[in-house]
Amino acid sequence: MAVGSSSATMPRDPEEGPDEGGPAGAGASGWSWTTVWTTALALLPLGLLAAASYLGRYVRPSADEWCFLPVVRDSGVPGLIGKFYVTDNGRLGNGVLVGLYAQFPVAGHQWYAPVSALLMLGLLWALVAHLLRAAGRSVPRGVPLLVAAMVTVLFLLATTNTYKTFFWPAASVSHTLAPVLAAAAALPLLRARGRRGRITALAVVLVAGAFMGTLSEEASVVALVVLAAAVLLARRVFTERVRRFALVWSLTGMAGVAIGTIVLVTSPGSRNRRERFGAETTSMIAPESLIASFRAYLRIMETVVTTWEYVGAVAAGVLLGLLARRRPGGTEPALLPCRPLLLTASGALALLVSGYLCTVITYPVFQERVVTAGRTWNDYLLLYVLLLVAAGAFLGRAVRLRDRRTGPLGALAGAVCAVTVLGLVAPLYDLGHDMRVRAQRWDRQDQWLRERAAGGARVLPYTPVSVSGMLEPFSDGGRRIWPAQCVADYYHLDRVTPGTRLP
């Protein structure tokens, strides 16, 4: 039976009050005062996201991208994919996405932020809307956009290093865009109608899983844990008419991730990367490695849970819970009546397990630096933000079912959303200033190097120009050489030497 088809009568939620499905619920999806103010509130995170996207114009190549650009210029995107698979890390999917922006050197870096922000916002907006429909709930039209915008802004900007999370394309495709793409693989499932829709959903999740396996090891771990939880909780989450297909879909997704992961870990590039970082001789499941990973993960979670801006996700969820109503008429929901404690506890457990496993697999490479490598946390931070939204929604729902006077709590939640967004303005402004300064210096040096190289120079000085801890040649007082040779290749030079001042 199709996911969206009608079947037996839906069991009534025992906690639903008399207002559920009444006039408030029936009119919740129309244009009303609630629609107006929630849409207006959504303009705050949307405006901040637009401002952050605008700052993308100041992004310039750095770190690994110095090495990507000459390969794409000389061998095209297939050349970069081959380099990744054979030499660098085995990440075929990563090579595809990196190649898409690297074939437009500086312009690709400048446009990456706005394009990826729009893509992530759109996917999360669609995901929120379809999850509400699957749960048999309707909300005012502005609410899904508000929730998606809050999730996007908090996920991208409330991190320890926004530049590496959002503006650095090489890190974003692996650790920021990857978990959003993984979550978006559920959209065909939520939209499936009839046999063709089910086949499409299975094909998409299989391909998406395989692609994810070659894109990001950490996002793959999170996907496997979440899908395993869906399998274990199927009888408590899905209605009988969709349960079997949901199980098949989840297992298909796990199989896809396993296929992609096997392709990655057996690649020459993955083997070279492990040897390069000494991971071949360090077992990630050795007791000392597991204990060190656990200690590192505790420090990571301490940083995450004390980041106050994430309370905005709870506030957005509270608004969602206060304003959601049972969808009148229509088809039977795909999800069973809400079980807040079970779902919250299961989500928290999935977060803790996946986060720890991500730390375990990254610790052999980063060692103690995994505590400061914030970009590697993003693969499970999206799950954290979504879990906070769900917890807030359950709280808002509980208040609504017990008290009709929800106005004060709704006003408080809206105020918290606004305060958290405004709290991210100053750090973004400071980062934007640093990015603008770096772009000006980078452009000046870039022009000087190109002119001298065109004039026949083979060896030129390069002065490091960094932002937000990004690696540059001759950084760390000149002790760190990498990626000096890649910079030389980019400018068609034999080599570059440490510069003492900018041109």
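A: Helices α18 and α19 run roughly antiparallel to each other, because of the angle between them. An angle over 145 degrees counts as roughly antiparallel, under 35 as roughly parallel, 65 to 115 as roughly perpendicular and the rest as oblique. This is a predicted model: local features need pLDDT of at least 70, side-chain atom pairs count only at pLDDT 80 or more, and totals for chains, interfaces and linings use all residues. Residues are numbered from 1 along each chain as its sequence is written, and side-chain values use heavy atoms, with hydrogens and water left out.

Here are the figures for that pair. α18 covers residues 340–366 and α19 covers residues 378–402. Helices here are DSSP runs (H or I, at least four residues), numbered from the N terminus. The two pack at an angle of about 165°, with their axes 10 Å apart. Axes are lines fitted to C-alpha atoms over the stretch in contact, and angles run from 0 to 180 degrees between N-to-C directions.

The crossing of α18 and α19 is left-handed. That term means the near helix is turned anticlockwise from the far one by less than a right angle; clockwise would be right-handed.

Which residues of α18 and α19 meet? From α18 they include Leu343, Gly347, Leu351 and Cys358. From α19 they include Tyr380, Leu383, Phe394 and Arg397. Contact means heavy atoms within 4.5 Å. By class, the contact of α18 with α19 has 11 nonpolar, five polar and one charged residues. Ala, Val, Leu, Ile, Met, Phe, Trp, Tyr, Cys and Pro count as nonpolar, Asp, Glu, Lys and Arg as charged, and the others, Gly among them, as polar.

Now turn to another partner of α19. Helix α17 spans residues 311–323. The axes of α17 and α19 come within 6 Å and cross at roughly 40°. α17 is therefore oblique to α19. The crossing of α17 and α19 is right-handed. On the α17 side, the contact includes Ala313, Gly317, Val318 and Gly321. On the α19 side, Val385, Leu388, Gly392, Gly396 and Arg400 are among the residues involved. The contact of α17 with α19 divides into 11 nonpolar, four polar and two charged residues.

One residue links the two pictures. Arg397 of α19 meets α18, and Arg397 is also part of the contact with α17.
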